[in-house]
Amino acid sequence: MTNMLRNKNKVRKREKEDIKTEVYALSQSISMSAHKARRVLDQIRGRSYQETLMILELMPYRACYPIFKVIYSAAANAKHNMGLNEEYLVIIKATVDEGTTVKKLKPRARGRSYPIKRPTCHITIVLKNISLYEESVVENSIGCFKKTGWIYKKKSTDITLGTIQGHHSLWFAQPKNYSKGLQEDQKIRECIKNYVQKNMRISSGVEGIARIEIQKRIDLIQIIIHMGFPKLLVEGKPRRIEELQMNVQKELNYVNRKLNITITRITKPYGHPNILAEFIAGQLRNRVSFRKAIKKAIELTEQADTKGIQVQIAGRIDGKEIARVEWIREGRVPLQTIRAKIDYCSYRVRTIYGVLGIKIWIFVDEE
């Protein structure tokens, strides 16, 4: 009996070793600081092999080339030595260790020289084959390996979802159809925003859409558009809601599902970050100074009885050659407090100098 149990344990261990196939590659004494290499490795850790090669080719850092060679070498070992498919390889481990410091002499004019120190580092890459895993899932859109438990927080409102703030999309789908549902929601929102931009009667360019809520059922899709200035869209043509409904149905080819669109008005539009970001974007397009635009936006939020606001603009501000980040805060903005209800928005605006990024945090209330 003991021999039988031992044989079974050995077989189980061999099966586990066959399933957990890992390949690694090590590159030592690379003439580069560990900090610069670590900055690149943080972007590729947890991603698939093919996506990693694409990212390294597009990133402008000098550390990408030696890291590219190490990953390519590890994938070659997996393909030729173990017969693995490169499509199922995922980077589960990417570490950098500091190496020795090389002392050199920097030559100068007239036969002079002075000593310099060049840091080195050691890079280790570990790839894993996930084709035999039924539970492991690689999400290319998010770029994380679920089984390892890595979490990337996208915005400050993620920690308050489900406690204070609700979701903007409410529906249920099977895991296989989940990505299709997300793409469908994105198409609905883009179609509505494009229609509003074409038919909105306003010179400042503010669409006035605070958020779009989508509720899906078996035979009905309910869309609720929260707008700050709904009269500017409906004025003159009361059938525009029906036209919008027809455009969405044509875009998504709905046959067996009914579509219902309703518009609700927001009492204090400038208390919402999306509308405020559109206002700042319109000012920046008209070459208004960013400080004047931010101060005017803060004055508008004070009329909406908010407790605090923080506005951040990044990019080539005012046409400067060097990009920078500028931000102004007024009042309290507690981002780490779960009880605090904070509305967040990120917005891109295209100017003649380039693309500027606008981020706005508004502290509405505390429960």
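Predicted model: local features only at pLDDT ≥ 70, side-chain atom pairs only at ≥ 80, totals over all residues.
**Entry 1: salt bridges**

I started by looking up charged pairs and found that the structure holds 10 salt bridges. For this I took a salt bridge to be a side-chain nitrogen of Lys or Arg within 4 Å of a carboxyl oxygen of Asp or Glu. Residues are numbered from 1 along each chain as its sequence is written, and side-chain values use heavy atoms, with hydrogens and water left out.

The pair I looked up next was Glu213 and Arg211, whose side chains meet in a salt bridge at 3.1 Å, N to O. I then asked how covered the two partners are, using these cut-offs: buried is under 20% relative accessible area, exposed is over 50%, and partly exposed is in between (1.4 Å probe, protein chains only). Glu213 counts as buried because its relative accessibility is 18%. Arg211 has a relative accessible area of 26%, so Arg211 is partly exposed.

Then I turned to Lys268, which forms a salt bridge with Asp305, the closest N and O atoms being 3.0 Å apart. This pair links distant parts of the chain, 37 residues apart: Lys268 sits in the loop between strand E9 (258-265) and helix H8 (273-285), and Asp305 in the loop between helix H9 (290-303) and strand E10 (308-315). My helices (H or I, at least four residues) and strands (E, at least two) are DSSP runs, numbered from the N terminus. Lys268 is partly exposed because its relative accessibility is 39%, and Asp305, at 57%, is exposed.

I also noted Glu326 and Arg324, whose side chains meet in a salt bridge at 3.0 Å, N to O. Arg324 has a relative accessible area of 27%, so Arg324 is partly exposed. Salt bridges that share partners join Glu184, Asp185 and Lys216 into one network.

**Entry 2: a positive patch**

Which residues form a positive surface patch? I found Lys36, Arg39, Arg62, Lys104, Lys106, Arg108 and Arg118. Patches here are made of residues with over 30% relative accessible area and no salt bridge, with like charges joined within 9 Å and nonpolar side chains (Val, Leu, Ile, Met, Phe, Trp, Tyr) within 5 Å. Lys and Arg count as positive and Asp and Glu as negative, while His and the chain ends are not counted. Each charge is placed at NZ of Lys, CZ of Arg, CG of Asp or CD of Glu.

Helix H2 (34-44) and strand E2 (89-107) each supply at least two residues of this patch. I picked out Lys104, which lies in strand E2. Lys104 is partly exposed because its relative accessibility is 41%.

**Entry 3: around H2 and H3**

Next I looked at helix H3 (residues 49-58), where Tyr49, Glu51, Thr52, Leu53, Ile55 and Leu56 are buried. What do the buried residues of H3 pack against? I found H2, helix H4 (64-80) and E2. A contact means heavy atoms within 4.5 Å.

Ile44 is in helix H2. Is Ile44 buried or exposed? It is buried, because its relative accessible area is 0%. Leaving aside residues up to four places away in sequence, Ile44 touches Thr52, Ile55, Leu56, Ile67, Ile71 and Ile91. I also checked Ile44 against Lys93: they are 49 residues apart along the chain, and their C-alpha atoms are separated by 9.8 Å.

In helix H4 I looked up Tyr72, which is partly exposed, with a relative accessible area of 49%.

**Entry 4: two positive phi angles**

Arg287 is not a glycine, yet has a positive phi of about 65°. Arg287 lies in the loop between H8 and H9 and is exposed, at 61% relative accessible area.

Asp318, also not a glycine, has a positive phi of about 60°. I found Asp318 in the loop between E10 and strand E11 (324-331), partly exposed at 40%.

**Entry 5: the whole chain**

Last, I stepped back to the protein chain, which has nine helices and 13 strands. Of its 367 residues, 38% count as buried. Among contacts between residues at least 6 apart in sequence, 65% join residues at least 24 apart. The chain exposes about 23,800 Å², with carbon and sulfur atoms supplying 48% of it. Accessible areas come from the Shrake-Rupley method with a 1.4 Å probe; for residues, only the protein chains shown count as cover.
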